[in-house]
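Hello,

Here is the structure I said I would pass on. Please open it alongside this email; my notes follow.

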Amino acid sequence: MSKNNPTLRVNEIFKSIQGESTYAGIPCIFVRLTGCNLRCSYCDTTYAYEEGSDMSVNEILNKIKRYGCRNVCITGGEPLQQKNVTKLINLLKRNLYKIFVETGGSINIDFLPKSVIRIMDIKCPDSGMDKEMDWKNIERLKAKDEVKFIISSKKDYEWAKRIARKYKLLDRVQTLFGVAHGRLRPKTLAEWILKDNLGVRFQLQLHKYIWPDKARGV
């Protein structure tokens, strides 16, 4: 493939409702890239670890265009593992798409073009991956970026509060607390947040409530 039309390993491309972040609820096209350097204990996209096929950035763009939606979320896996992701982002930018990138926070986010909205997952201890975080990424965040904590237990919740305070996250970016699906009741987390008068945004994974029986393509 030519330098002007590089390839990415793609697991799936689909249109759905954005389920997380402050943009939850909007129609969005998802480009799920193959591969991940992390192995979170609650991962719901293990099929993206290896499965996928090579597509050129022009092929990806042509598929995106068929959906007729201007919001594109690049996710994984861990999309930052594939350096050609910047080529796709720049192509989407030229075609006037609004671009989101979801990342697990273990890889330097600064190589991403400034036009994207970065949604960074800060891994809590119960994920088993908290030691893999690149903590310098917090300094690299811009005001339009967002961070989320996926919480499985009271231990995770207390840890997330400490991290939010330590790095003054609430003063820097939109900060979201959500539950690891099936591990913690949403009501429980909501009550903890209210009791502590915590200024975070509570979130649910909307797609898991809209399509509870569907694992892929949502």
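This is a predicted model: local features need pLDDT of at least 70, side-chain atom pairs count only at pLDDT 80 or more; totals for chains, interfaces and linings use all residues.

Now α6 itself, which spans residues 186–195. Its buried residues are Thr 188, Leu 189, Trp 192 and Ile 193. Seen down the helix axis, they fall within an arc of 135 degrees, so they line one face of α6. The face turned away from that buried side carries Lys 187, Leu 194 and Lys 195, which are exposed.

Next, the core. The largest nonpolar core has 50 residues. Ile 74 and Phe 149 touch the most other members. Another core, of eight residues, lies apart from it; Cys 36, Leu 38, Tyr 49 and Ala 180 are among its members. Back to Phe 149: beyond its neighbours within four places in sequence, its contacts include Ile 122, Cys 124, Trp 159, Ile 163, Leu 169 and Phe 177.

Last, the largest pocket. Its space comes to about 800 Å³. It is lined by 42 residues, and Glu 20, Arg 32, Asp 44, Thr 45 and Gln 205 are the closest to its centre. By class, the lining has 19 nonpolar, 11 polar and 12 charged residues. At least two lining residues come from each of β1 (7–17), β2 (27–33), β5 (98–103), β6 (117–121), β7 and α7 (206–210).

Best wishes

Terms used: Residues are numbered from 1 along each chain as its sequence is written. Side-chain values use heavy atoms; hydrogens and water are left out. Buried means under 20% relative accessible area, exposed over 50%, partly exposed in between (1.4 Å probe, protein chains only). Helices (H or I, at least four residues) and strands (E, at least two) are DSSP runs, numbered from the N terminus. The arc is that of the directions from the helix axis to the C-beta atoms. A nonpolar core is a set of buried Ala, Val, Leu, Ile, Met, Phe, Trp, Tyr and Cys residues joined through side-chain atoms within 4.5 Å. Contact means heavy atoms within 4.5 Å. On a 1 Å grid over the protein atoms alone, a cavity is a set of points where a 1.4 Å probe fits but cannot get out, and a pocket is an open set with protein on both sides within 12 Å along at least five of seven lines; lining residues have an atom within 4 Å of a point. Grid points are joined across faces, edges and corners, and a volume is the space filled by probe spheres set on the points. Ala, Val, Leu, Ile, Met, Phe, Trp, Tyr, Cys and Pro count as nonpolar, Asp, Glu, Lys and Arg as charged, and the others, Gly among them, as polar.
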